[in-house]
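Subject: Handover of a structure and notes on it

Dear colleague,

Please find below the structure that I am handing over to you. My notes follow directly after it.

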Amino acid sequence: MPEHDPQMLKGALGLLLLQLVSAQEDYGYSIVVRLQEHGFSELSEGTVYPALTRLESQGLLEARLVRSTSGPARKYYRPTAAGHTELERATRMWFHLVATVAEIVPPPRNPADPPSGHPATPLPEIPERTSR
Amino acid sequence: MTFVFGLGQSLLVASLLLAVLLGLSVTLVARTWRSGRSSFTDRLRIGVAVLRYDGWLELHGVGRWRRRDLREELRANLDDAAERVGTAQAVAALGPLRRMAAEAASGTETGPRWSTGAVAASGVLIVGFLAELIAIIGWTGAAEASGVGRVQGGLPLFPGSLATWEQSGQGFSIALEPGWLVIAAVAIAFVLGSRPWLIASRREHRARRIE
């Protein structure tokens, strides 16, 4: 699987983290593992932990400590009301950006297909997100 | 002979004290009283990484309580990661701790850096003290050559200083008031190092969060 563009990833990191903790309250290292399982192998702890701290400082995430049997208490994050609002806004912005870019940039051609000036495959449908 | 024995004794006591201090520091860093599956070396490695992270956060002006939270969070995450991939890899995955601390501090409320100010002030105080020491050596020579029993005057280049040289029996005594220049330099170094005006930005940050 090709690596993701670091600059693009940086822009989407907040959205990814908000979405992950919105789906399931979670703590730093577990979030890193989940991201890596989703194919973001280049997202390391050194990038994710400060991003979580920033989101918490901005009031988009709140945290609580949960005792752990194996070591120190873990800090579990979940979105605040402002975090949920930001998640919806960022999701809308993201899909708007993807749709706008897709209008100009055709999907990459399959190397097996014959060369053509037109897109080899139809544009993917952009799923609509319903607000909560 | 007695001198050599005395020196040896002093060295022994100093070495013992140093060893006790070192042992205490290592115990605190590794948190040996904590029960867990990781080895002493692993705990020490994690402890050192957490301490280094804390140091960088401190340099970025992150407050004491916030730093404690971030330290504990990192320690818990490292413990978890170490169990899964090993301590060396868990610590390496953090990347440069300096960058990580800078990024964590960028959204965190920062305030005055009192410890940086204290270090800067101490540095200036030591330099000022050494400079006055050098100045007083020359001044003492002149006072001694004057043949008067008691000489009092200011040191050149140190306005406000007052040195007193007095002959007593076979030897002499010297008293020195450092003067306002050194005190002012120490105060300026403390203010520039600690940046007390960041109290205002911390209040602003809190106000923004409440909004």
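How many bridges join β1(B) to β2(B), and do these strands run parallel or antiparallel? Four bridges join the two strands, and they run antiparallel. Please bear in mind throughout that this is a predicted model.

Strands and helices of chain B

Chain B has eight helices and three strands. Read from the N terminus, its elements follow the order α-α-α-α-α-α-β-β-β-α-α.

Most residues other than glycine have a negative phi. Leu157(B) has a value of about 75° and is placed in the loop between β1 (150-153) and β2 (162-168) of chain B. Leu157(B) counts as exposed because it has 11 C-beta neighbours inside 10 Å, where the cut-off for exposed is 12 or fewer. Arg195(B) has a phi of about 50° and is found in the loop between α7 (180-194) and α8 (198-210) of chain B. With 17 C-beta neighbours inside 10 Å, Arg195(B) counts as partly exposed.

For chain B as a whole, buried residues make up 26% of its 211 residues. Of the contacts in chain B with a separation of 6 or more, 59% are between residues 24 or more positions apart.

The sheet of chain A

In chain A, three strands form an open sheet in the order β1-β3-β2, with antiparallel pairing. β1 and β2 of chain A stand at the edges and have a single partner strand each, so one side of each is left without a neighbour in the sheet. Two bridges join β1(A) to β3(A), and Tyr27(A) stands opposite Tyr76(A) in β3(A). Helix α1(A) packs on this sheet, touching β1, β2 and β3 of chain A, and its direction makes about 100° with that of β3(A).

Gln19(A) belongs to this helix, α1 (residues 6-23) of chain A. Gln19(A) has 15 C-beta neighbours inside 10 Å and therefore counts as partly exposed. Gln19(A) and Arg78(A) are 59 residues apart in sequence, while their C-alpha atoms are 9.7 Å apart in space.

Helix α2 of chain A

Which residues of α2(A) are buried? They are Gly28(A), Tyr29(A), Ile31(A), Val32(A) and Leu35(A). Seen down the axis of α2(A), these buried residues fall within an arc of 160°, so they line one face of the helix. Their cover includes α1, β1 (26-27), α3 and β3 (74-79) of chain A, together with α3 of chain B. After α2(A) comes Gly39(A), with a positive phi near 105°.

Nonpolar cores

The largest nonpolar core has 39 residues. Those that touch the most other members are Leu17(A), Val48(A), Leu52(A), Ala49(B), Tyr53(B) and Leu78(B). Two or more residues of this core come from each of α1, α2 (28-37), α3 (45-57) and β2 (61-66) of chain A, and from each of α2 (40-59), α3 (64-85), α4 (87-92) and α5 (97-106) of chain B. Another core, of 13 residues, lies apart from it; among its members are Ala121(B), Leu155(B), Val186(B) and Phe190(B).

Leaving aside neighbours within four places in sequence, Leu17(A) is in contact with Ile31(A), Ala51(A), Leu52(A) and Leu55(A).

The interface

Across the interface, 19 residues of chain A are in contact with 22 residues of chain B. On the side of chain A that touches chain B, the elements giving two or more residues are α2, α3 and β3 of chain A. Of these, α3(A) gives the most, with seven residues. By class, this side of chain A has five nonpolar, 10 polar and four charged residues.

With kind regards

Definitions and conventions:
Residues are numbered from 1 along each chain as its sequence is written. Chains are lettered from A and ligands numbered from 1 in the order in which they are written. This is a predicted model: local features need pLDDT of at least 70, side-chain atom pairs count only at pLDDT 80 or more; totals for chains, interfaces and linings use all residues. A residue is buried if 20 or more other C-beta atoms lie within 10 Å of its own, exposed if 12 or fewer, and partly exposed in between; C-beta atoms are placed from the backbone. A nonpolar core is a set of buried Ala, Val, Leu, Ile, Met, Phe, Trp, Tyr and Cys residues joined through C-beta atoms within 7 Å. Two residues are in contact if their C-beta atoms, placed from the backbone, lie within 7 Å. The arc is that of the directions from the helix axis to the C-beta atoms. Ala, Val, Leu, Ile, Met, Phe, Trp, Tyr, Cys and Pro count as nonpolar, Asp, Glu, Lys and Arg as charged, and the others, Gly among them, as polar. Two strands pair if DSSP finds at least two bridges between them. Axes are lines fitted to C-alpha atoms, for helices over the stretch in contact, and angles run from 0 to 180 degrees between N-to-C directions.
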